Amino acid sequence: MSRILLLGYDPETVDFSDPALPPGMTVEKVHAGIAVALKGFAEHGWESDVCFIRPDETAGPTVERQLGSTRYDCVVIGAGVRLPPRGLALFEAVINAVRKAAPGAAIAFNTRPDDSADAAARGLALGSRI
């Protein structure tokens, strides 16, 4: 059975006024999207966890700690982490933390929380061909 980690900013820390983020997103919509993602993972027969990070220097260590707690086959990184240009350095820190702590895991990217199962499926398919 595959295990997926859904990784994203704690919705309470997101600046939803950032024009780089999908319009109309709110804390409530993110939580609802995560619920859809978790349901989608379960429908595929995958186990899953959610890891919220803060947009600060604790992000990388938080990711490494979570990835050190169990083996993941795929890490889905939320759009909120990768889209805002001002967060590029933090995005790089997250990617490098995943690469360091889970070198065998596929890395996938969602466009919204509710398409995370599709992202994981792409990542798992790619990982199986490498």
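These are my notebook entries on a predicted model.

**Entry 1. Ground rules**

I number residues from 1 along each chain as its sequence is written. The model is predicted, so local features need pLDDT of at least 70, side-chain atom pairs count only at pLDDT 80 or more, and totals for chains, interfaces and linings use all residues, while side-chain values use heavy atoms, with hydrogens and water left out. Helices (H or I, at least four residues) and strands (E, at least two) are DSSP runs, numbered from the N terminus.

**Entry 2. The sheet**

I looked up the strand order first. The sheet is open and has four strands in the order E2-E1-E3-E4, with parallel pairing. Two strands count as paired if DSSP finds at least two bridges between them. Strand E2 (47-53) and strand E4 (106-109) are at the edges with a single partner strand each, so one side of each has no neighbour in the sheet. From one strand to the next the twist averages 20°; axes are lines fitted to C-alpha atoms, for helices over the stretch in contact, and angles run from 0 to 180 degrees between N-to-C directions.

I then went through the pairs. E1 and E2 are parallel and share seven bridges, with Leu-6 opposite Val-50 in E2. E1 and E3 also run parallel, joined by four bridges, and here Leu-7 is opposite Ile-77 in E3. Strand E3 (residues 74-77) pairs with E4 in the parallel sense over four bridges.

Contact here means heavy atoms within 4.5 Å. E1, H1 and E2 form a right-handed β-α-β unit. Right-handed means that, with the strands pointing away from the viewer, the path from the first strand over the helix to the second runs clockwise. Helix H2 (residues 59-69) lies across E1, E2 and E3 and runs at about 160° to E2.

**Entry 3. Cores**

How many residues of E1 are buried? I found seven of the seven, so E1 is largely enclosed by the rest of the structure. Buried means under 20% relative accessible area, exposed over 50%, and partly exposed in between (1.4 Å probe, protein chains only).

A nonpolar core is a set of buried Ala, Val, Leu, Ile, Met, Phe, Trp, Tyr and Cys residues joined through side-chain atoms within 4.5 Å. The largest one has 19 residues, of which Leu-7, Ile-53, Val-63, Leu-67, Val-75 and Val-94 touch the most other members. E1, E2, H2, E3 and helix H4 (88-101) each give two or more residues to this core. H4 supplies the largest share, five residues.

I listed the contacts of Leu-7, leaving aside neighbours within four places in sequence: Cys-51, Ile-53, Val-63, Val-75, Val-76, Ile-77, Gly-78, Val-94 and Val-98. There is also a second, separate core of 16 residues, which includes Ile-4, Ile-34, Phe-41 and Leu-124.

Ala-59 lies in helix H2 and counts as buried at 0% relative accessibility. Not counting residues up to four places away in sequence, Ala-59 touches Ile-53, Arg-54, Leu-90 and Val-94. I also took a distance to Phe-91, 32 residues apart from Ala-59 along the chain: the C-alpha atoms are separated by 9.2 Å.

Thr-62 is in helix H2 too, and counts as buried at 17% relative accessibility. Its side chain reaches the backbone oxygen of Thr-58 at 2.7 Å. Residues up to four places away in sequence aside, Thr-62 touches Cys-51, Phe-52 and Ile-53.

Asp-115 lies in the loop between E4 and H5. Buried or exposed? Asp-115 is buried, with a relative accessible area of 12%. The side chains of Asp-115 and Thr-111 are joined by a polar contact of 2.3 Å. A polar contact is a pair of N or O atoms within 3.5 Å; within protein, one must be able to donate a hydrogen and the other to accept it, and residues adjacent in sequence count only if both atoms are side-chain atoms.

In helix H5 (residues 116-129) I looked at Ala-125, which is partly exposed at a relative accessible area of 36%. Ala-125 and Phe-109 are 16 residues apart in sequence and 14 Å apart in space, C-alpha to C-alpha.
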